[in-house]
Amino acid sequence: MSAATLDPSCAGRTYPPTEPYEVGREKIREFAAVLGAPAGDGAVAPPTFPIVLSLHVMKQILDDPDLGFDFARAVHRDQRFESVRPVRAGDRLTVSVEIVAAETVDGNDVVTLRGHLREADGGAPVCTTTSTLVSRKEEAV
Amino acid sequence: MSQVPRPGDRLPTRTFRYTRERLVAYAAASGDHNPIHWSDSRAAAVGLPGVIAHGMLGMGVAATAVTRWAGERATLVEYGTRFTRPVLVPDTADGVDLTVDGTVGDVREDGTVRVDLTVRCGEQKVLARTRAVLAYDR
């Protein structure tokens, strides 16, 4: 297995905004249905929908071998959303991710990433997602 | 909800059934295709006792309990949790049930409402410090 160790100097790193993601009505309905949420006409997304956009980018960042984070052994420890408004069908949103913290505690690699979702046109903020992931050391299992 | 919430108000208890089918559906809806959420052997390979649910699925259904209670006029402006215990989902038709309870913890001067949530699988809490802050359209 990977013997990589987390590079603590990656904390503070920021990544440029993604290409715009266009939020589809049927995607909202699909997401809402799994959560038992009232989907209605699919116009307004459930509160945790922004993770769909953030997770994709975070995974790409954490898969970078230079970072030394073993995503295969990672579990999600904390999650937080701060929303200016709900995500709606038709939104075109970019995500910019920053690595807020990166440290190794008792052999477990802990990273916190923040994703900023903004309107692609004009850059108005919509939501921030803050995620802490822990990649467990192998003998701790 | 027809009246202004008050501290101590309780949300109706809601139960969500977790099956392997639901995990696969959440993987597709969310784009989180991590094999620990659908393959016993891949889960075992990283030291887990079996397939576990996505933490975000639990956070998502807990939000559903809040939005169903609060109605369309409310927006979750803040929402946070810690994932403290993985939920093992057996490969059976019945799966396991997740139960969500909530209490209004605070009604602030600006009109926002804090709801404190408890999410259990059986008797065990699976999330901690699960709090949602709601803002209402006027």
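**Note on a predicted two-chain model**

1. The buried residues of helix H1 of chain A pack against helix H2 (50-62) of chain A and also against H1 of chain B. The model discussed here is predicted. The residues concerned are Ile28(A), Phe31(A), Ala32(A) and Val34(A), which are buried in helix H1 (residues 25-34) of chain A. They are on the same side of H1(A), because the arc they cover around the axis is only 160°. After H1(A) comes Gly36(A), with a positive phi near 65°.

2. As to confidence, the predictor assigns the complex an ipTM of 0.95 and a pTM of 0.94. For chain B the average pLDDT is 95, and 98% of the residues score at least 70. Where pLDDT is low, predicted coordinates should not be read in detail.

3. Chain A contains two helices and five strands. Read from the N terminus, the order of its elements is β-α-α-β-β-β-β. Along the principal axes, the C-alpha atoms of chain A fill a box of roughly 50 × 35 × 20 Å. Of the 141 residues in chain A, 35% are buried. Among the contacts in chain A with a separation of 6 or more, 70% are between residues 24 or more positions apart.

4. Chain B contributes 28 residues to the contact and chain A contributes 27 residues. On the side of chain B that touches chain A, helix H1 (20-30), helix H3 (55-70) and strand E2 (74-83) of chain B each supply at least two residues. By class, that side of chain B has 13 nonpolar, ten polar and five charged residues.

5. Strands also pair across the two chains. Strand E2 (residues 74-83) of chain A pairs with E2(B) in the antiparallel sense, over five bridges. Within this pairing, Arg82(B) in E2(B) stands opposite Asp78(A). E2 of chain B was named above as one of the elements that supply at least two residues to the side of chain B touching chain A.

6. For chain A, an unreviewed UniProt entry lists "domain: FAS1-like dehydratase" at residues 12-127. That span of chain A is 20% helix and 35% strand, and its end C-alpha atoms lie 20 Å apart. For chain B, UniProt (unreviewed entry) places the feature "domain: MaoC-like" at residues 14-118. Residues 14-118 of chain B are 31% helix and 31% strand, with the end C-alpha atoms 11 Å apart.

7. A reader checking the backbone may wish to look at Asp106(A). Its phi is near 50°, a positive value in a residue other than glycine. Asp106(A) is in the loop between strand E3 (92-105) and strand E4 (108-119) of chain A. Asp106(A) counts as exposed because it has 8 C-beta neighbours inside 10 Å, and a residue is exposed if that count is 12 or fewer.

8. Arg129(B) is part of strand E6 (residues 127-136) of chain B. With 12 other C-beta atoms within 10 Å, Arg129(B) is exposed.

Technical notes:
Residues are numbered from 1 along each chain as its sequence is written. Chains are lettered from A and ligands numbered from 1 in the order in which they are written. This is a predicted model: local features need pLDDT of at least 70, side-chain atom pairs count only at pLDDT 80 or more; totals for chains, interfaces and linings use all residues. Two residues are in contact if their C-beta atoms, placed from the backbone, lie within 7 Å. Helices (H or I, at least four residues) and strands (E, at least two) are DSSP runs, numbered from the N terminus. Ala, Val, Leu, Ile, Met, Phe, Trp, Tyr, Cys and Pro count as nonpolar, Asp, Glu, Lys and Arg as charged, and the others, Gly among them, as polar. Two strands pair if DSSP finds at least two bridges between them. A residue is buried if 20 or more other C-beta atoms lie within 10 Å of its own, exposed if 12 or fewer, and partly exposed in between; C-beta atoms are placed from the backbone. UniProt positions are given in the numbering used here, feature names are shortened, and annotations may be inferred rather than shown by experiment. The arc is that of the directions from the helix axis to the C-beta atoms. pLDDT is the predictor's confidence in each residue, from 0 to 100.
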